[in-house]
Amino acid sequence: MARASADLAVELDIEQVPEEPIPESYNVAPTNRIPLVVESKGIRRLELARWGLVPRWAKDISVGVRAINARSETAASKPTFRDAVVKRRGVIPVDGYYEWRKRADGTKQPYFIYPEDRSLMLFAGLYEWWRTPEDEWLLSATILTRDSAGDEMKNLHDRMPVFMTKQDVPTWLAEDTPGDQQLVSDFADRAATVARSLTMHPVDRRVGNVRESGQDLVSPVVED
């Protein structure tokens, strides 16, 4: 989950927030709505976007299910993401996220990953507007990822989100920042530094059930 709109507005210098509150969830799944910070004409806004980017040329919304993440190494050249890299970059604020580690016995153990100081976590994202068959506009987003950095993260999973700091946000969102592979690569490289400030603990396997969403999901458990 992310924090309340008012808290995010203060932390990220957001000027406009949606009237609808951010849905409280401790187990966000693909196609759910997630908070997204964007900037247009110098105004920074908080939006709610469907998780799973649907490009403008898509004939069906189901395309988004396959685009919840975008590999930073290829995002600028992939048809699904390249237009968004140029001019529709966003920031996705969260308190933390889950990842699953495969164990020697073949089972998987989920972990909750978050900043050690419990500060806001920021993902580099991309977004698009898609016209629905009902002639309405749908906002959707994806999270950029890169290869995992640091022994602890690598032991957990081979990919991780492209993290950023609050100081990085203006450059990433600015409309006059050249949106190309170099930009994406630079931010992906910086994410390794942010990753060193993260911590994690094992959590209940119930996070694998999208119907579970209670706050206790992020509580630490004893790994069996």
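Colleague: Let's start with the strands: which residue in β11 is the bridge partner of Tyr-114?

Modeller: Thr-199 in β11 is the bridge partner of Tyr-114. Strands here are DSSP runs (E, at least two residues) and helices are too (H or I, at least four), both numbered from the N terminus. Before we go on: this is a predicted model, where local features need pLDDT of at least 70 and side-chain atom pairs count only at pLDDT 80 or more, while totals for chains, interfaces and linings use all residues. Residues are numbered from 1 along each chain as its sequence is written, and side-chain values use heavy atoms, with hydrogens and water left out.

Colleague: Is Tyr-114 buried or exposed?

Modeller: Go by relative accessible area: buried is under 20%, exposed is over 50%, and partly exposed is in between (1.4 Å probe, protein chains only). Tyr-114 counts as buried because its relative accessibility is 10%.

Colleague: And what does Tyr-114 touch, outside its sequence neighbours?

Modeller: Contact means heavy atoms within 4.5 Å. Leaving out residues up to four places away in sequence, Tyr-114 touches several residues, including Asp-95, Met-121, Leu-198 and His-201. Asp-95 is 19 residues away in sequence, yet the C-alpha atoms of the pair are 6.5 Å apart. With His-201 there's a side-chain polar contact of 3.1 Å; that term needs N or O atoms within 3.5 Å, within protein one able to donate a hydrogen and the other to accept it, and residues adjacent in sequence count only if both atoms are side-chain atoms.

Colleague: How many residues does the largest nonpolar core have?

Modeller: A nonpolar core joins buried Ala, Val, Leu, Ile, Met, Phe, Trp, Tyr and Cys through side-chain atoms within 4.5 Å. The largest has 57 residues, and Leu-144, Phe-163 and Trp-172 have the most contacts inside it. Helix α5 (residues 181-195) gives the most, with 8 residues. Apart from that core lies another of 8 residues, with Tyr-114 and Tyr-26 among them.

Conventions:
Pairing = 2+ DSSP bridges.
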